[in-house]
Amino acid sequence: ASKRNLLFQVSAALKEGRVTPTELCQRCLSLIKSTKFLNAYINVAEETALKQAEESEQRYRRGQPLGVLDGIPVAVKDNFNTAGIETTCASNMLKGYISPYNATVVQKLLDQGAVLLGKTNLDEFAMGSGSTDGAFGPVRNPWSYSRQYKEKSVPKSPSEARECTWVIAGGSSGGSAAAVSSFTCFAALGSDTGGSTRNPAAHCGVVGLKPTYGLISRHGLIPLVNSMDVPGILTRCVDDAAVVLGSLAGHDPKDSTTVQDNFKPFELPNVIDVSKLSIGIPKEYHAPGLSSEILSLWSKAADLFKNAGAKVIEVSLPHTPYSIVCYHVLCTAEVASNMARFDGLEYGHRSAVNKSTESMYAATRREGFNDVVRGRILSGNYFLLKQNYEHYFIKAQKVRRLIASDFVKVFSSGVDVLLTPTTLREAVPYMEFIQEDNRTRSAQDDILTQAANMAGLPAINVPAALSERGLPVGLQFIGRAFQEKQLLTVAKWFEKQVKFPVIQLEEMKRHDQGVFQHQQSASFS
Amino acid sequence: AVRGSRVVWRQAWQRGAGGLGPAPRGQPAVARNARGRAQPAGKCGLAPWVPVVGLEVHAQISSNSKLFSGSQVQFSAPPNSLVSFFDASLPGTLPVLNRRCVEAAVMTGLALNCSINKKSLFDRKHYFYADLPAGYQITQQRVPIAVNGSLSYSLCIDNKMSQMVTKTVRIKQIQLEQDSGKSLHDDTRSQTLVDLNRAGVGLMEVVMEPDMCCGEEAAAAVRELQLILQTLGSSQAVMAEGQLRVDANVSVHHPGEPYGVRTEVKNINSLRFLAKAIDYEIQRQIEELENGGTILNETRAFDSKLGCTVPMRDKEGKQDYRFMPEPNLPPLILYDAKSLPANINHQQVVNIDWIHERLPDLPSVKRAKLVEHYGILPEHSFALLNEDGLTEFFEAVVKQTQMRPKKVIGWILNDLLSYLKQHSLTIKESPVSSSSLADLLNLLENKEISSTAAKQVLAELWKGEGKSPLEIVKEKKLELMQDQNQLEEICQAVIDGQENE
């Protein structure tokens with residue numbers, strides 16, 4: 001097996017009895033405890049996880065595991081419904097809300113024997129790019145505590161100064177990215193509406209896959225923008241992303257927007273030839289604010305492909321610059337609509353104000369939502385007003401179509417995969433990040449990832465290198481619709497070339513020598 | 001009761017046999033001829049008023065499950081017992097379109113001569129209300145499933161069943177949409193209780209153009225629609241159970257002038273009240289205008305106890321429904337024989353032509369066939385169709401008797417039906433079965449009894465004591481005497497008696 005194929009290796013270890021699902025689960029749970037300061041999890045489902053691990057163990061004992069995922073500890077972003085485990089969307093509105101059903105993707109993971117450790121932190125209702133705007137506080141990027149970052153960036157100073165240097169995890173699936181990055185789970189689900197899986201994956205140095213819209217069921221994912229939301233996959237390597245994708249993809253009768261075609265799970269080849277490929281470099285992704293470090297990394301990556309015989313060509317996606325403003329209109333409009341159900345009547349928070357139904361609604365929503373959510377609801381409703389609908393919503397839909405057709409043109413010209421940066425720069429310290437508001441931040445941070453959502457295309461972040469400050473930087477590949485296999489194959493080849501370093505979490509190592517070593521050896525032995 | 005009106009009510013038409021209520025008496029109203037055209041008003045030289053009536057009819061689709069969820073549809077189930085996660089708008093749930101509802105709408109569209117849109121779209125209509133859990137209703141605002149149809153209906157003129165006119169109202173569109181739940185306001189405890197059983201049930205909204213001019217016309221049109229829906233089985237269309245709900249848009253204007261400001265009248269739960277509400281509203285608007293007032297574009301509720309319309313308070317503010325495409329449902333694509341792709345799973349598509357071929361006879365066709373086949377009068381065919389099961393009863397009687405259908409119909413419509421009406425029974429509950437009525441009519445037809453006797457026998461049969469007509473005739477000695485000698489003897493006896501005196 002490939003050295004980077006973590007899930008297959010763990011699965012083999014489980015089959016051979018070198019480790020049991022319960023041991024694996026316990027190690028992860030203890031790591032979650034020792035990394036509590038990361039705030040990656042909102043809710044840890046210790047009891048049910050151990051029960052699931054026990055069931056898995058019995059299956060292994062009988063020699064009848066359900067597949068590669070049987071006994072594998074996973075985490076799920078807290079905007080997916082999980083029966084019996086609180087689902088909060090990091091919002092006061094849903095604090096304490098226990099859903100009666102599992103999202104289709106959660107059910108599929110459980111059906112294949114995965115052990116659900118808990119629910120990961122996010123920006124409230126997935127609205128943000130830092131995982132800093134949730135009701136349960138910000139997620140801390142595990143790399144803030146790595147030897148690599150400390151050596152390069154952190155002044156050898158009192159703890160107060162160090163407290164100010166921790167960097168954000170990116171968002172909105174920051175909890176899932178941090179969980180995977182800090183070895184507390186082997187794979188995690190995120191969601192991706194404008195980059196919410198790829199952005200934190202880039203900042204946390206993990207693989208983040210946003211599949212094609214319609215390939216994976218959204219049933220049970222609490223929506224941000226229905227027409228762009230896709231469940232995302234966060235793993236430590238590309239092969240693992242392919243495994244998880246294979247376990248989740250396919251038509252769901254409960255989601256009418258999933259495609260009817262049968263999906264065949266695939267394994268990625270170990271020997272990959274990129275010489276016949278055409279890699280497109282969209283010039284518009286050389287966006288204002290792109291750090292020179294990332295720019296040079298991007299061009300080095302292009303050279304890698306060139307040197308391997310691939311055709312690397314500059315292409316143009318001319319409508320890219322309009323995507324942010326277009327996204328703003330479409331996103332807020334759907335948000336305004338989707339959030340209308342949170343009125344305190346059927347579930348969730350209900351205000352004590354009860355003078356009238358209307359005053360109860362108003363107070364419930366004021367108390368339940370943060371400023372970011374309320375702001376988006378307000379602008380969305382503005383865009384949907386009769387007098388504004390044509391000027392904003394319809395126009396934005398037209399621009400969206402232009403953005404999507406940009407991609408169609410480029411791909412039909414013979415380009416196989418696009419190569420772009422995932423983020424403009426590496427993760428910034430929290431104290432710096434919160435200097436600007438969520439809206440500004442989201443506009444800046446989604447700029448390179450969002451167009452793929454507009455067009456519904458598959459895209460993946462692959463960790464590429466560490467920055468001068470010792471923080472991960474990732475690059476993004478965007479593929480043709482439903483051509484995940486090709487996209488992941490290219491991503492795997494690239495991953496192999498760059499040999500992204502392993503995070504060295506010394507504090508955690510002290511806390512739990514055993515787990516860390518096991519996981520490290522599993523990944524990189 | 002009404003001041004300042006310069007026009008006189010002329011009862012220009014009679015209500016159909018559909019049990020429509022008495023005409024509003026003593027209420028002056030606009031004068032018009034049978035076709036609803038305005039008549040010169042007379043004295044003051046003021047042009048008369050032309051009332052304009054359009055309708056929005058919500059018909060609950062008769063289906064096992066709801067429009068977008070698997071919950072059962074059932075009237076008067078225990079509160080909140082038919083609520084799926086989607087119906088309660090639990091976060092993360094998605095709509096899945098019910099094929100049966102689509103077929104019902106296509107059927108209805110075809111029956112109403114609509115063109116069926118091969119591609120229609122769903123939209124969200126937003127407003128906050130306790131019985132609308134998602135905060136929006138999924139409907140078809142931009143491109144509905146069926147458009148540009150027509151509905152022909154008939155009504156009687158001048159009280160005479162024999163003078164029927166047929167009119168046509170254009171159908172603007174039929175759209176699929178979700179029903180809301182029900183709010184029950186408990187004023188004493190100042191609580192609102194919400195029942196979501198109805199939330200998400202499929203509705204067809206049938207929008208009729210303002211081609212009608214009075215309550216009677218509107219009621220006749222809705223009655224015909226109701227019969228069509230029931231024939232198709234696309235809706236049970238029982239108004240009393242809320243399966244058919246009618247909102248009326250009413251305005252008045254002078255001939256040659258643009259339409260007046262319209263009001264929308266809601267809360268109408270019977271055909272009788274529909275006619276009443278519209279006529280009241282027309283009259284109210286005329287008076288208001290003639291007194292120098294203006295008509296507000298408002299929603300009014302019909303108060304059946306007071307017989308008038310009143311402004312609805314909670315709908316006062318102007319609503320902006322902030323329509324938006326429903327992102328979780330792809331466009332609804334329908335096929336016909338031509339466009340049907342090869343190798344497609346027939347369970348997954350709706351084929352318009354297939355539905356068209358299987359449409360049952362519509363009421364108008366059924367009536368024509370009855371007239372042709374049995375030689376009965378057209379108005380009798382209306383009466384037969386107007387009550388569920390009556391046609392079948394009639395045909396069963398005809399089959400079992402030698403009496404001509406033209407005569408049979410009189411016994412059913414005049415005699416039996418009046419008994420039923422008196423006792424508020426439907427034909428299906430009739431204590432007189434079709435076979436005993438046939439036996440009775442055979443006795444009459446064979447001149448074994450007189451028609452007076454036959455009526456007596458019918459009265460006996462109505463008691464439902466299980467006796468056959470023949471037994472009743474014998475018991476009561478109602479036979480006509482056929483024996484010449486016996487008759488002569490009786491006559492002789494009478495004459496003899498006379499002589500003796």
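In the predicted model, a salt bridge joins Lys33(A) to Glu46(A), with the closest N and O atoms 3.5 Å apart. The two residues belong to distant parts of the chain, since Lys33(A) is placed in helix H2 (residues 21-34) of chain A and Glu46(A) in helix H3 (residues 46-61) of chain A, 13 residues apart. In general, side chains of opposite charge can pair when their charged atoms come close. Over all chains, the count comes to 41 salt bridges.

Two further pairs are found in chain B, and both involve helix H10 of that chain. In one, Asp415(B) forms a salt bridge with Lys455(B), and the closest N and O atoms are 3.7 Å apart. Because Asp415(B) lies in helix H8 (residues 405-422) of chain B and Lys455(B) in helix H10 (residues 451-462) of chain B, the pair ties together parts that are 40 residues apart in sequence. Asp415(B) has a relative accessibility of 16% and therefore counts as buried, while Lys455(B), at 43%, counts as partly exposed. In the other pair, Lys476(B) forms a salt bridge with Glu460(B), for which the closest N and O atoms are 3.5 Å apart. Here Lys476(B) is in the loop between helix H11 (469-475) and helix H12 (484-500) of chain B, and Glu460(B), 16 residues apart from it, is in helix H10 of chain B. Glu460(B) is buried, with a relative accessible area of 14%, whereas Lys476(B) counts as partly exposed at 40%. Salt bridges also link Glu281(B), Arg284(B), Glu298(B) and Arg300(B) in a network.

The domain assignment of chain B gives domain 1 (50-325) and domain 2 (363-484), and their centres, taken over C-alpha atoms, are separated by 39 Å. The contact takes 9 residues from domain 1 of chain B and 9 residues from domain 2 of chain B, and the area buried between these domains is about 750 Å², of which carbon and sulfur atoms give 58%. Between the two domains the count is 1 salt bridge, and Glu224(B) forms a salt bridge with Arg367(B), the closest N and O atoms being 2.8 Å apart. There are also 2 residue pairs in polar contact between the domains. On the side of domain 1 that touches domain 2, strand E8 (160-178) and helix H2 (215-232) of chain B each give two or more residues, and H2(B) gives the most, with 5 residues. The residues of this side divide into 4 nonpolar, 3 polar and 2 charged.

Key
Residues are numbered from 1 along each chain as its sequence is written. Chains are lettered from A and ligands numbered from 1 in the order in which they are written. This is a predicted model: local features need pLDDT of at least 70, side-chain atom pairs count only at pLDDT 80 or more; totals for chains, interfaces and linings use all residues. Side-chain values use heavy atoms; hydrogens and water are left out. Domain bounds come from an automatic or database domain assignment. Contact means heavy atoms within 4.5 Å. Buried area is the accessible area (1.4 Å probe) that two parts lose on being put together, summed over both. A salt bridge is a side-chain nitrogen of Lys or Arg within 4 Å of a carboxyl oxygen of Asp or Glu. A polar contact is a pair of N or O atoms within 3.5 Å; within protein, one must be able to donate a hydrogen and the other to accept it, and residues adjacent in sequence count only if both atoms are side-chain atoms. Helices (H or I, at least four residues) and strands (E, at least two) are DSSP runs, numbered from the N terminus. Ala, Val, Leu, Ile, Met, Phe, Trp, Tyr, Cys and Pro count as nonpolar, Asp, Glu, Lys and Arg as charged, and the others, Gly among them, as polar. Buried means under 20% relative accessible area, exposed over 50%, partly exposed in between (1.4 Å probe, protein chains only).
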